[in-house]
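Here are a few notes to read alongside the model. Have a look at it first, then go through the points in order.

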Amino acid sequence: MPPADRTEERWLDMEVRGLLLDPAAETPVLLLQEVGGTIVLPIWIGQAEANAIAVALEGVREPRPMTHDLMLRILRELAADLLRVEVWALREGTFHGRLVLRRGGEETVVDARPSDAIALSVRTGATIRVAQSVIDQALDLELATNGDEKERLREWLEKARPEDLGKYTM
């Protein structure tokens, strides 16, 4: 179980900037951007999770509840609120997240993949927070990649047009 409270940690509020498809890896990429800032954190995610986020971003209503819609309905039936999503660690290239829930005045922390947690946050409007240490580690990983790959990633992210973001093809 992840530590419930790391008060010494600095947190950045982030928002979903959009979803893109990495043309080289043919993998969906979730882009988080610092609220009111310039830091952008790309997180490569699975196809199903990208679809779940895209559906919510685009306001698509499915005739039957999808998994994240079901999770949201369960939370509501249990009178629990999603307070925030936290991306609290980056270990061996994998991001770790958690849901911070409140029910009856009591907070509960639930381990979750960041992509699943963000799919819920998009549906609820809950805050997304990323630990500064995660941002620092992600930047270190980017610097550790070979020059060609690093340059390709930088150019790809810089060329991403605002109209491309959130227009992920399902």
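1. A word on terms first: buried means under 20% relative accessible area, exposed over 50%, and partly exposed in between (1.4 Å probe, protein chains only). Helices (H or I, at least four residues) and strands (E, at least two) are DSSP runs, numbered from the N terminus.

2. Keep in mind that this is a predicted model, where local features need pLDDT of at least 70 and side-chain atom pairs count only at pLDDT 80 or more, while totals for chains, interfaces and linings use all residues. Residues are numbered from 1 along each chain as its sequence is written, and side-chain values use heavy atoms, with hydrogens and water left out.

3. Which residues of helix α2 are buried? In this helix (residues 67–77), they are His-68, Leu-72 and Leu-75. They sit on the same side of α2 because they cover an arc of only 60° around the axis (taken from the directions from the helix axis to the C-beta atoms). Thr-67 and Glu-77, on the other side of α2, are exposed.

4. The cover over the buried residues of α2 includes α1 (47–57), β4 (80–91), β5 (94–103) and α3 (114–124); contact here means heavy atoms within 4.5 Å. After α2 comes Ala-79, with a positive phi near 55°.

5. Ile-74 also belongs to helix α2, but this residue is partly exposed, at 44% relative accessible area.

6. Leaving aside neighbours within four places in sequence, Leu-41 contacts Met-14, Leu-30, Leu-31, Leu-32, Phe-95, Val-130, Ile-135 and Ala-138.
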